[in-house]
Amino acid sequence: MKFRRKIYMVGGALTPFIGKMHPDFIWKKHPDFGTRENPTLEETLSAAIQKALADTNVDADAIEKGFIGNFAGELFSNQGHLGAMAVRADEKLNGKPFTRVEGACASGGLAAIGAIDALNAGYDVVMAAGAEVQTTVSAREGAGFLARASHWEEEREIDDFTFPAMFARRAKFYKEKFGVTDEDIAHVTVKAYANANKNPLAHMREVTMTLENASAASDRNPAFLRNPELKEHLKVSDCSQVSNGGAAVILASEDGLKKLGIDPSDCVEILGYAHTTSPLGRVNDYTVLDNTELAAKQLYEETGLRPSDIDVAEVHDCFAVTELLMYEALGFAEPGKGAELARSGATAIDGDIPVNTGGGLIAYGHPVGATGVKQLLEIYRQMKGQCGDYQMPNAPTVGLTANMGGDDRTTVVMALKNVD
């Protein structure tokens, strides 16, 4: 996508990502059970929008258009039509053109590129937000809801937990092809939890993870799939979190910044994006994220960047093996060498190429519609030195996000540059 104008991220906001094991998540053993409930989808989305406006000092009346990422509001919350729901967050948004977009776990990324396209088309100040509430049903029923992101007729029956099974399959093939071990993969999980333990917004901020626990199945960390061929290749610790949460960002053109009275030096520039889509149910090689690889190739060609130019990345680690595959698809590691990169410490906060500094989907959490927007905010916050205990030692100049939907069937990658 060739940009017609310079496009900036003014800033935004996140709600806490919560769910099972989070101290504020209400369940039957919580002391507040029966006296209060977890925030609803509307409350979560509204909170993200309201906080984004407050934190950026942007008046809601300045927002000209909006896009909302959400995957399964109708299923988890009996609520669709989220564009019209979003404008309830502030009366000054009444009448503004807000639209919901959906692309499974890439819904948030699609909301962001909708905002970018609107700015390229002539709007000056646009919002992208995302939210998901996924804890309203049992884990097994929720897995069935999320399976709608697969090819239902062809792939649903692989396991009750369809997506965990699909990525267990990737782990199986990856381990067999490249000699990778469960301990190799576990380094991703340990890094994710260590980062999340420093992040006050993270779902798993108070849960620790050791390499020993992450490396092998146990009573505390079971291999839970029913599919006998795939069961041994996935444990609970390999999985992203079933989280509730929201995120919102405000993007603007140069003219938009002037209208808002905001200096570009307070912003992050969006250098480019790529959006690729592949057919559901047609994965050619389970050891390669070929759709993400294509998106990355397009992004690098469009922006003139190389993988070595990236100072920080937020990648879609829906399962631990996925992060290794992401390293390779994005050019950070050669095929089969993602595990070596993880083991080396290069992707730690103080490494050569920090990845998922706030904990990623595995430990920061994965409220599906919010994830792609959250990734952008995490890059912004690292660039502007706002990450507190998990701040990188040196503020990054160039960052990359990779937000993936389904079994690598929809991907949005973006490049961002700090403005100083």
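## The largest pocket

The lining of the largest pocket in this predicted model comprises 48 residues, and those nearest its centre are Val236, Cys239, Ser240, Gln241 and Val242. Helix H5 (139-146), helix H7 (162-178) and helix H9 (211-215) are the elements that each give two or more residues to this lining; helices (H or I, at least four residues) and strands (E, at least two) are DSSP runs, numbered from the N terminus. A pocket is here an open set of points, on a 1 Å grid over the protein atoms alone, where a 1.4 Å probe fits and where protein lies on both sides within 12 Å along at least five of seven lines, while lining residues have an atom within 4 Å of a point.

The volume of the largest pocket is about 1,400 Å³, a volume being the space filled by probe spheres set on the points, which are joined across faces, edges and corners. By residue class, its lining divides into 28 nonpolar, 17 polar and 3 charged residues, where Ala, Val, Leu, Ile, Met, Phe, Trp, Tyr, Cys and Pro count as nonpolar, Asp, Glu, Lys and Arg as charged, and the others, Gly among them, as polar.

## The second largest pocket

The second largest pocket holds about 280 Å³ of space and is lined by 15 residues, with Gly12, Ala13, Asp55, Tyr380 and Gln386 nearest its centre. Two or more lining residues come from each of strand E1 (7-14), helix H1 (41-56) and helix H15 (368-383), and E1 supplies the largest share, 5 residues. This lining divides into 7 nonpolar, 4 polar and 4 charged residues.

## Aromatic contacts

The whole structure contains 7 aromatic pairs, a pair being rings of Phe, Tyr or Trp (its six-membered ring) with centres within 6.5 Å, stacked if the planes are under 30 degrees apart, edge-to-face if over 60 and tilted otherwise. Phe167 and Phe319 have ring centres 5.1 Å apart and planes at 25°, so this pair is stacked. The pair links distant parts of the chain, 152 residues apart, with Phe167 in helix H7 and Phe319 in the loop between strand E7 (312-315) and helix H12 (320-329). Phe167 is buried at 1% relative accessibility, and Phe319 is buried at 7% (buried means under 20% relative accessible area, exposed over 50%, partly exposed in between, with a 1.4 Å probe and protein chains only).

Lys172 lies over the face of Phe173 at 5.2 Å from the ring centre, and Lys374 lies over the face of Tyr364 at 4.6 Å.

## Cysteines and a buried proline

The search of the whole structure finds 0 disulfides, a disulfide being a pair of cysteine sulfur atoms within 2.5 Å. The cysteine sulfur closest to that of Cys105 belongs to Cys318 and is 6.7 Å away, too far for a bond; Cys105 is buried, with a relative accessible area of 17%. For Cys239, the nearest cysteine sulfur is that of Cys318, 9.4 Å away, and Cys239 is buried at 11%.

Pro354, in the loop between helix H13 (338-344) and helix H14 (360-364), is buried at 1% relative accessibility. Its C-alpha is 9.7 Å from that of Pro396, a residue 42 positions apart from Pro354 in sequence.

## Basis of the values

Residues are numbered from 1 along each chain as its sequence is written, and side-chain values use heavy atoms, with hydrogens and water left out. In this predicted model, local features need pLDDT of at least 70 and side-chain atom pairs count only at pLDDT 80 or more, whereas totals for chains, interfaces and linings use all residues.

Notes: Lys NZ or Arg CZ within 6 Å of the ring centre and 35° of its normal.
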